[in-house]
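Q: Please take me through the reading of this structure, feature by feature.

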Amino acid sequence: MDLVTLKSVLMWCTVINAALLFLAFIFCAAAGNWIYGMHSRWLPIPREAFNIAIYSFIGLYKIAFFVFNLVPYIALCIAR
């Protein structure tokens, strides 16, 4: 795989993962009660524990997004 193809793949991975991260934030901000209600039917969990779990997941996803998509893409843009 050449650098142009790798740069293109990382660009699209960055765009798709940024959209998913934004979508997860919007769902949690706008429909947090609905999401909690849906998940509490499957797994009895207190609201505080659910909030910690969901925001920890979003935070971990954000860190992985920066480390594995955005930073390598920016590095390839700078190196070229």
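Q: Is Thr 14 buried or exposed?
A: The model is predicted. Thr 14 has a relative accessible area of 9%; because buried means under 20%, Thr 14 is classed as buried. Thr 14 is found in helix 1. With residues up to four places away in sequence left out, Thr 14 touches Phe 65, Asn 69, Leu 70 and Tyr 73.

Q: Which residues of helix 1 are buried, and what covers them?
A: An α-helix has 3.6 residues a turn, so residues three or four places apart point the same way. In helix 1 the buried residues are Leu 10, Thr 14, Asn 17, Leu 21 and Cys 28. Their cover includes helix 2 (32-42) and helix 3 (47-79).

Q: What span should helix 1 have, and how far apart are its end C-alpha atoms?
A: Helix 1 covers residues 3-30, which is 28 residues.

Q: Which residues make up the largest nonpolar core?
A: In soluble globular proteins, nonpolar side chains tend to be buried together. Here the largest nonpolar core has eight residues: Leu 21, Cys 28, Ile 35, Tyr 36, Phe 50, Ile 54, Ile 58 and Phe 65. At least two residues of this core come from each of helix 1, helix 2 and helix 3. Helix 3 supplies the largest share, four residues.

Q: Where does Cys 28 lie, and which residues does Cys 28 touch?
A: Cys 28 belongs to helix 1 and, at 13% relative accessibility, counts as buried. Not counting residues up to four places away in sequence, the contacts of Cys 28 are Ile 35, Ile 54, Tyr 55 and Ile 58. The pair Cys 28 and Tyr 55 shows how sequence and space are read separately: these residues are 27 residues apart in sequence and 8.7 Å apart in space, C-alpha to C-alpha.

Q: How many disulfides does the structure have?
A: A disulfide is a covalent bond between the sulfur atoms of two cysteines. With a cut-off of 2.5 Å between cysteine sulfur atoms, the count comes to zero disulfides. Cys 13 is in no disulfide, and the nearest cysteine sulfur, that of Cys 77, is 14 Å away. Cys 13 has 30% relative accessibility and counts as partly exposed.

Q: How many aromatic pairs does the structure hold?
A: A pair of aromatic rings is described by the distance of the centres and the angle of the planes. The structure holds three aromatic pairs. One of them joins Phe 57 and Tyr 61: the ring centres are 6.2 Å apart and the planes stand at 40°, so the pair is tilted. Phe 57 and Tyr 61 both lie in helix 3, four residues apart, about one turn of the helix. Tyr 61 is partly exposed, with a relative accessible area of 23%.

Q: What are the distance and the angle for the pair of Phe 65 and Phe 66?
A: Phe 65 and Phe 66 form a tilted aromatic pair, 5.5 Å centre to centre with 45° between the planes. Phe 65 counts as buried, at 8% relative accessibility, whereas Phe 66 is partly exposed, with a relative accessible area of 37%.

Technical notes
Residues are numbered from 1 along each chain as its sequence is written. This is a predicted model: local features need pLDDT of at least 70, side-chain atom pairs count only at pLDDT 80 or more; totals for chains, interfaces and linings use all residues. Side-chain values use heavy atoms; hydrogens and water are left out. The expected span of a helix is 1.5 Å times one less than its number of residues. Buried means under 20% relative accessible area, exposed over 50%, partly exposed in between (1.4 Å probe, protein chains only). Contact means heavy atoms within 4.5 Å. Rings of Phe, Tyr and Trp (its six-membered ring) pair if their centres lie within 6.5 Å; planes under 30 degrees apart count as stacked, over 60 as edge-to-face and the rest as tilted. A nonpolar core is a set of buried Ala, Val, Leu, Ile, Met, Phe, Trp, Tyr and Cys residues joined through side-chain atoms within 4.5 Å.
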